[in-house]
Amino acid sequence: FEEARKWVANDLVFDKNVDVNLFESTIRILGGLLSTYHLSGDSLFLEKAKEIGNRLMPAFKTPSKIPYSDVNIGRGTAHPPRWTSDSTVAEVTSIQLEFRELSRLTGDEKFQKAVDEVMKHVHTLSGKNDGLVPMFINTNSGQFTHLGVYTLGARADSYYEYLLKQWIQGGKKENELLEDYMRAIEGVKKHLLKRSQPKKLTFVGELAHGHFSAKMDHLVCFLPGTLALGAHNGLTADHMKLAEALIETCYQMYAQVETGLSPEIVHFNLHAQKGHKDVEIKPADRHNLLRPETVESLFYMYRFTGDKKYQDWGWEILQNFNKYTRVPTGGYTSINNVQNPSNPEPRDKMESFFLGETLKYMFLLFSDDIDLINLDKYVFNTEAHPLPIWAPA
């Protein structure tokens, strides 16, 4: 920690002519600094958080107040990605926990105001399908674009997670957030839930212009944990039932694969075929990036049920990470092919979320100390950085 602190004090310099992604920088850098400040009490981290927060603010200078995806933190300019004037819905709705906390700590309300405005706007928008949101939103008009496609995977996933978590963070007072969350889960049940063959696994598919696709991103495996967290916070018990069904599915996305590691995307079989498992993997989807979502949900499930099988499943997954992705000289690597145990094709790349999330959730899953980040006192941001739940006023 001392070594890292020294690096932050001397080498973490934000005054650089460089474009960063607003969402990724918020959840990783701002979230990480805020979390470290709370866990250490060291004001250095709050100062750095305030600086990066200020440098990200130009992203909100758009005609609609829906932020641009990219900010130049040195120049103080922001722009949409080169190919479109759209932002991703998940990205603009998954920066709230961090900016709200920054306002609370600094007493400067501009951070919270900017992100609350985004949520209020999205709350009123048309183009939702029973609470499910499209994947893109235009920064000029403030309207959803590419209508008719609904997923809980990439580009939409953490919108749902942050509805619940902002409600929890704020002391369960902001009812619009809760309403949007509850409606969305009903939308999932109505439009996206199906069961596979032969094991009858409950999974979350996608809807494109009225057509159901039995495709599920590994990213969707955040959902059992989120549902369990909601149930723990007094929401309906059937959310916990659904969480239990879905975490079983997410575990099977590992267990039914040759290396015991999940691919990036699976397709579920809706019709029983001789010799076929529930899970089918397309060649383009068979990589594993050391993602955390299943382990994250295992941690929540274990915390709230005490059922040891969730620890066992996590232990199995960790052993397979060790077997197929650990690099002898240090670190772990993404692999290209989870279906080939003799050569999983290492990519020589370890994403920062492996340390920030996957291993952190493993560590917490294997601990029986509920006060090690007590979930009644902290809420995790989507990059596994714990932020305090605000005391009821």
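In which loop does Pro 198 lie? Pro 198 sits in the loop between β8 (193-195) and β9 (202-204). The model is predicted, with local features requiring pLDDT of at least 70 and side-chain atom pairs pLDDT 80 or more, while totals for chains, interfaces and linings use all residues. Residues are numbered from 1 along each chain as its sequence is written, and side-chain values use heavy atoms, without hydrogens and water. Strands (E, at least two residues) and helices (H or I, at least four) are DSSP runs numbered from the N terminus.

The peptide bond from Gln 197 to Pro 198 is cis, with omega near 5°. Lys 200 is also found in the loop between β8 and β9. Lys 200 is not a glycine, yet has a positive phi of about 55°. Its relative accessibility is 44%, so Lys 200 counts as partly exposed (buried is under 20%, exposed over 50%, partly exposed in between; 1.4 Å probe, protein chains only).

His 209 lies in the loop between β10 (206-208) and β11 (211-213). A positive phi of about 50° is found here too, although His 209 is not a glycine. His 209 is exposed, at 56% relative accessible area.

Helices α6 (residues 110-124) and α8 (residues 175-192) have axes that come within 11 Å and cross at roughly 45°. That makes α6 oblique to α8 (angles under 35 degrees count as roughly parallel, over 145 as roughly antiparallel, 65 to 115 as roughly perpendicular, the rest as oblique). Met 119, Lys 120 and His 123 in α6 meet Glu 176, Leu 177, Glu 179 and Asp 180 in α8, with contact meaning heavy atoms within 4.5 Å.

Technical notes: Axes are lines fitted to C-alpha atoms, for helices over the stretch in contact, and angles run from 0 to 180 degrees between N-to-C directions.
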